[in-house]
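Hi,

Here is the structure I promised to pass on.

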Amino acid sequence: MSAVMSNPLFREPLTIAGAAREIEFRDAVREAMCEEMRRDKRVYLLGEEVAQYDGAYKVSKGMLAEFGAARVVDTPISESGFSGMAIGSAMLGLRPIVEFMSWSFSLVAADPILNNAPKMLYMSGGQYGCPIVFRGNDGAGGQLGSTHSWSVEGLFSNVPGVKIVIPSNPADAKGLMKTAIRDDDPVFFLESERLLSMKGHVPEGEYLIPFGHAAIRRAGKDCTICSWGRPVHFCMEAAEILANEGIDCEVIDLRTIRPLDLPTVVASVRKTSAAVVVDQSWSFASPGSELAAQIHRHCFDDLDNFVHRVHSDDVPTPYAVALEQEYLPNVRKICEAVRSATYRA
Amino acid sequence: MKDPTVPMPQVAPPAAPTAGTSASSLPVSASTALQWLREMHLIREFEVRCMQSYQEKKIGGFCHVYIGQEAVAVGCVAAMQPQDPIVTAYRDHGHALARGMSARACMAEMYGRASGCAKGKGGSMHMFDRPNNLFGGHGIVGAQTPLGAGLAFATKYEDEVMLGGKNRRVSLSFLGDGAVNQGAFYEAMNLAGLLHLPVIFIVENNGYSMGTAIHRGTTMSHDLCVKGRAHGLREVTIDGMDVVSVYRDMSVLVEWCREHSRPAIVDMNCYRFKGHSMSDPRKYRTREEEAHHESRDPIINLERLLAGEGVLDDAKLATMLKDVREEVRDAVTFANDSEATPSDELYKDVFVEPWGRYTGSSLPSYMGGATNACTFRATDGKEGLV
């Protein structure tokens with residue numbers, strides 16, 4: 001990856017030629033998994049309902065039929081056990097993909113995914129790696145109440161030794177998933193249940209999107225908006241509204257928050273002199289607060305205002321639909337933050 | 001899980017000796033038994049020197065010694081093949097030495113030296129030895145049991161899915177009796193039972209989880225095998241103070257698991273002669289109880305047996321002890337004289353490939369120190385790519 005990251009070409013927004021076909025986000029994730037499983041027999045998928053049920057959210061639909069029960073493994077509701085088991089198999093050289101029906105359920109597997117996977121290489125002095133992908137739905141928005149609505153990036157991005165990928169669209173999901181499966185380190189891949197049915201252009205040929213490589217979704221000169229995952233769409237919508245008010249926003253989709261593509265963000269903020277960070281996790285000690293601190297540090301003399309932040313509200317996720325929509329880092333909040341950051345409030 | 005197609009392992013005394021051999025109660029050759037005795041003495045001497053080094057503040061953190069339980073690690077390892085993976089908990093020096101880690105690499109790890117088995121990044125509770133298929137040393141009680149299931153999943157997957165053959169390896173996952181009350185252990189047993197994983201959970205039942213006597217923390221503590229029975233595991237209770245029993249019963253069980261690709265649980269009765277860790281004054285048990293168990297010392301047991309068989313005398317034992325003391329003294333000197341792990345190791349081994357401030361990974365010096373080499377390929381060096 002170092003070669004990729006040091007290559008200035010990869011700093012450009014990624015555009016994929018010949019992308020005429022439209023498929024759903026879930027299909028893109030499945031294509032990535034299937035292609036990698038055809039390529040590498042060490043790769044297998046396990047999780048609750050991934051095989052016979054075809055996946056709780058149909059992400060793994062048809063995979064049992066293609067790869068068989070030895071490589072598409074149904075597990076009991078036993079996150080701690082099957083996460084630890086997958087990690088043990090990765091230490092021995094397999095490349096498991098672990099599906100959490102929801103990342104909210106990963107909390108009962110906190111010990112294996114935080115205490116084993118990211119530390120194995122270090123504690124063994126370089127002897128045992130852990131090439132594993134944990135993936136599943138993350139974030140609120142489906143009226144599932146507080147226990148099922150975690151944005152775990154707020155917790156897990158604090159831990160060294162993991163790579164955290166949060167794609168916002170089908171094409172990215174496929175390219176980033178393929179990179180995740182081939183990566184030699186543990187990768188947390190955070191999908192959004194709200195995006196699984198979203199359709200988008202996905203090339204049919206093979207492509208990989210390197211980690212640590214942000215995409216500029218909308219170029220602009222007045223304010224930089226940084227986000228990842230589902231809120232990128234809120235940012236794009238806000239940018240359209242703000243454009244009508246004469247505020248020209250640049251929207252950056254970080255795609256991975258570990259590694260974090262700081263150079264792309266810094267270059268943008270040096271141009272716009274204003275920055276808003278939009279993060280669907282809670283605000284206190286979050287990836288958003290980290291990014292804001294980094295922007296302050298690197299763009300101290302370039303900023304015309306402090307970096308504004310939009311998060312989910314600092315309360316447990318509510319069930320009631322209007323309350324939940326208000327709770328999210330929604331378009332209204334983003335517009336208000338951008339107006340404030342650019343002194344247009 | 002009723003599974004009538006797989007017969008229960010028959011763990012019983014071995015068949016009567018064939019004509020021509022003596023009526024020895026040793027299931028192995030005299031030289032092998034003497035080697036077991038040496039390994040047990042090595043572990044005992046090593047642990048005594050660990051305690052000294054800890055008191056001299058040369059070893060930091062937590063340190064849990066294995067004195068009293070030597071027969072378990074030595075007997076179990078003797079019953080396995082070198083390619084069979086092992087994973088254990090934090091009282092792990094004995095397993096590491098029994099598996100073949102050098103006393104030097106083990107002691108240097110505790111001294112926080114670059115020459116340690118994990119370059120001084122793991123410490124006493126986290127011994128790793130890839131050449132000897134030791135997958136740690138794990139500090140969180142019970143956390144290693146799903147890993148053990150995963151090692152078995154991986155060996156079975158390699159043998160059956162990738163190579164298209166028959167399962168040929170067995171994984172051992174050691175745990176203490178305190179770990180049987182962790183949820184992770186039950187999840188691991190359930191998965192092993194469901195997926196027919198060739199893993200043996202060996203409960204080193206020394207009667208105490210730290211300072212809590214087993215009956216105070218565990219239901220059905222008179223029969224820990226019942227914990228495995230609920231998940232369809234085969235079960236064996238073994239006298240862990242007798243290395244011959246450990247070897248004999250484990251050999252049968254290991255081969256049964258290998259042949260049938262099924263999991264098992266062992267209630268391995270033993271006793272730790274020292275405290276839970278170095279800071280434990282052992283106020284929760286009587287000195288009379290300790291004296292009783294010390295009279296069952298597995299090392300003295302084996303010495304008596306070997307003397308009775310006529311293969312060990314005072315002179316031979318003295319030579320062995322001198323040799324062992326010299327090996328451990330050398331390990332302490334090596335550890336003490338080794339370079340402290342340098343600061344450029346701080347950002348190494350966080351990720352395999354270098355990026356950002358992370359400097360990639362490298363193997364420990366005793367494995368040659370190659371860089372970015374941690375993710376060894378499955379199936380004995382064959383690429384998994386198809």
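Keep in mind that this is a predicted model. I'll start with the polar side of the boundary between the two domains: 16 residue pairs, both partners at pLDDT 80 or more, are in polar contact between domain 1 of chain A and domain 2 of chain A.

On domain 1's side of that boundary, the elements of chain A that each supply two or more residues are helix H7 (153–156), strand S6 (163–165) and helix H8 (170–182). S6(A) contributes the most there, with three residues. If you sort the residues on this side of domain 1 by type, you get 15 nonpolar, 15 polar and six charged.

There are salt bridges as well: the count between domain 1 of chain A and domain 2 of chain A is two.

Now for the wider view. The domain assignment puts residues 2–201 of chain A in domain 1 and residues 215–341 in domain 2. Their C-alpha centres lie 25 Å apart. Contact between them involves 36 residues of domain 1 of chain A and 31 residues of domain 2 of chain A. Together the two domains bury about 2,600 Å² between them, with carbon and sulfur atoms giving 54% of that area.

Cheers

Conventions:
Residues numbered from 1 in each chain as written. Chains lettered and ligands numbered in written order. Predicted model: local features only at pLDDT ≥ 70, side-chain atom pairs only at ≥ 80, totals over all residues. Heavy atoms only, no water. Domains from an automatic or database assignment. Contact = heavy atoms within 4.5 Å. Buried area = accessible area lost by both parts, 1.4 Å probe. Salt bridge = Lys/Arg side-chain N within 4 Å of Asp/Glu carboxyl O. Polar contact = N/O pair within 3.5 Å; in protein donor to acceptor, adjacent residues only side chain to side chain. Helix = DSSP H or I, 4+ residues; strand = E, 2+ residues; numbered from the N terminus. Nonpolar A, V, L, I, M, F, W, Y, C, P; charged D, E, K, R; others polar.
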